[in-house]
Protein chains: 2
Amino acid sequence: MVSSAYLRHMEKNISTEERIKNAAKKIFINKGLAGARMQEIADEANINKAMLHYYYRSKDLLFQRIFDEVIGEFAPKIVSILGGESPLETKIKDFVHHYLEMLSRNPFMPLFLISELRNQPEHVIEKVGIVRSGALSRLGEQLEMETKAGTIRPITPAHFMANLISLSIFPFLGQPMLQSMFGMSDSDFALFIEERKKLIPEFVMSSLKPLS
Amino acid sequence: MVSSAYLRHMEKNISTEERIKNAAKKIFINKGLAGARMQEIADEANINKAMLHYYYRSKDLLFQRIFDEVIGEFAPKIVSILGGESPLETKIKDFVHHYLEMLSRNPFMPLFLISELRNQPEHVIEKVGIVRSGALSRLGEQLEMETKAGTIRPITPAHFMANLISLSIFPFLGQPMLQSMFGMSDSDFALFIEERKKLIPEFVMSSLKPLS
DNA sequence: GTCTATAAAGGGATAGAC
DNA sequence: GTCTATCCCTTTATAGAC
């Protein structure tokens, strides 16, 4: 038996906790751990500071929760796309399409992840599970197989991944720079990213094409 | 007439000011504006906190000085390489070689610049002078000319620059990630970057090659 | 110019009433 | 669960002696 008082309690509880998490995510992503202020998070969530500590005990714990959650949204897709059974070209297209789409909605996520990643790289890699899952070794075998078959030029998984990730993610990191340099408005930039959905796979594929 | 007392004074003055700047650069680059502590900078410079304020008045002013100076080291080379008269392939090679070399010595500079750039994008672009100098328009004309001559596929300057910068700079931003993912030691990573000096120009050139 | 001591502000965390 | 008030440590900045 569940009392209606209990239900009301849980509703409010969930709602406040969610509000805090959303507020904290926004502030942390924009300012980082060191730059974020508990007061700012509280204001964003329309509650007072004491509530933050009531629910999450400390700034560090709150941050850790947010950080892990963001990684959880960001990472598993990489593993499933790259570790899957699709042909190389499909993987490249899927990867680029999925991430440009996602980053268009969350353009500050890369800077946040990369900044804070430095403080706990091993924790993150473990949490992402890209190594543990074997996705990388399967990708490596795929690259090796295609090389032997003569369908692509030889390339190591590290360089392949570095190229793919660089081309997809960096433009969001350099967005202010690119917009200033080329006088792009926000909608220009959105169009620019849209173009890259086609351009990056072409770019990567043609660089892999064997020299005839 | 310049007294020897004055010279001693200036020597010490320059020396202390330099020491502060070097210390501040190191701390700011590693921790960012919000994460850096004046005490830490003072310790690094082997002086006391009061000196920092004596020379630079406030943390914000000290930061601004450092930030501008770092940009001054980083940026002009881009303008001179890309805005010059060399053939496209030479520009690509020069760009990649110069920046991978420089970033190998200063691997934290990209994160620092990109993080803090968000707070003052227009100031930076003006300071860099890449637009004002006309380097970008000259590069644009060069791309257009080569396209008309049929020596390369059509590409906009924005995408060209985005590709080149992404491939060169991102690996340093993602260094912890790449090292964890592929189990690279520091010297493995150095070798990885060394390989990219050849790989990136090949990669970019082959993607520009007209479809036969 | 350089130091010690201290003021002043900022910001994370807790106590206690409701 | 939520609020107000407050503690207290950290950090920036200044005063003042040398």
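One term before the details: a residue is called buried under 20% relative accessible area, exposed over 50%, and partly exposed in between. By that scale E101(A), with a relative accessible area of 30%, is partly exposed. Please keep in mind that this is a predicted model.

K197(A) is buried, at 14%.

A second pair in chain A is K26(A) with E44(A), at 3.2 Å. Here helix 1 is tied to helix 2, and the two residues are 18 apart in sequence. K26(A) is partly exposed at 44% relative accessibility, and E44(A) is partly exposed at 35%.

Chain A also has a network of salt bridges, which links E18(A), K21(A), K25(A), E69(A) and E73(A).

Over in chain B, K21(B) and E69(B) form a salt bridge of 3.1 Å. That pair links helix 1 with helix 4, residues 59–74, across 48 residues. K21(B) is buried at 17%, while E69(B) is partly exposed at 29%. Over all chains, the count is 22 salt bridges.

Now, how many salt bridges are there between chain B and chain A? The count is zero. What the interface does have is 10 residue pairs in polar contact. Several helices of chain B supply at least two residues each to that side, including helix 1, helix 7 and helix 8. Helix 10 gives the most, with 14 residues. By type, the residues on the side of chain B divide into 31 nonpolar, eight polar and four charged.

As for extent, 43 residues of chain B contact 43 residues of chain A. The two chains bury about 4,300 Å² between them, 74% of it on carbon and sulfur atoms. On the chain B side, R118(B), H159(B) and M181(B) lose the most area, together 16% of what that side buries.

Last, how are the two chains related? A rotation of 179° with 0.0 Å of shift along its axis superposes chain B on chain A, with an RMSD of 0.2 Å. That is the relation of a two-fold axis. The copies meet through the same surface, because 100% of the interface residues of chain B are also interface residues in chain A.

Terms used:
Residues numbered from 1 in each chain as written. Chains lettered and ligands numbered in written order. Predicted model: local features only at pLDDT ≥ 70, side-chain atom pairs only at ≥ 80, totals over all residues. Heavy atoms only, no water. Contact = heavy atoms within 4.5 Å. Buried area = accessible area lost by both parts, 1.4 Å probe. Salt bridge = Lys/Arg side-chain N within 4 Å of Asp/Glu carboxyl O. Polar contact = N/O pair within 3.5 Å; in protein donor to acceptor, adjacent residues only side chain to side chain. Helix = DSSP H or I, 4+ residues; strand = E, 2+ residues; numbered from the N terminus. Nonpolar A, V, L, I, M, F, W, Y, C, P; charged D, E, K, R; others polar. Least-squares fit on C-alpha atoms with pLDDT ≥ 70 in both. Buried < 20%, exposed > 50% of the residue type's maximum accessible area, 1.4 Å probe, protein only.
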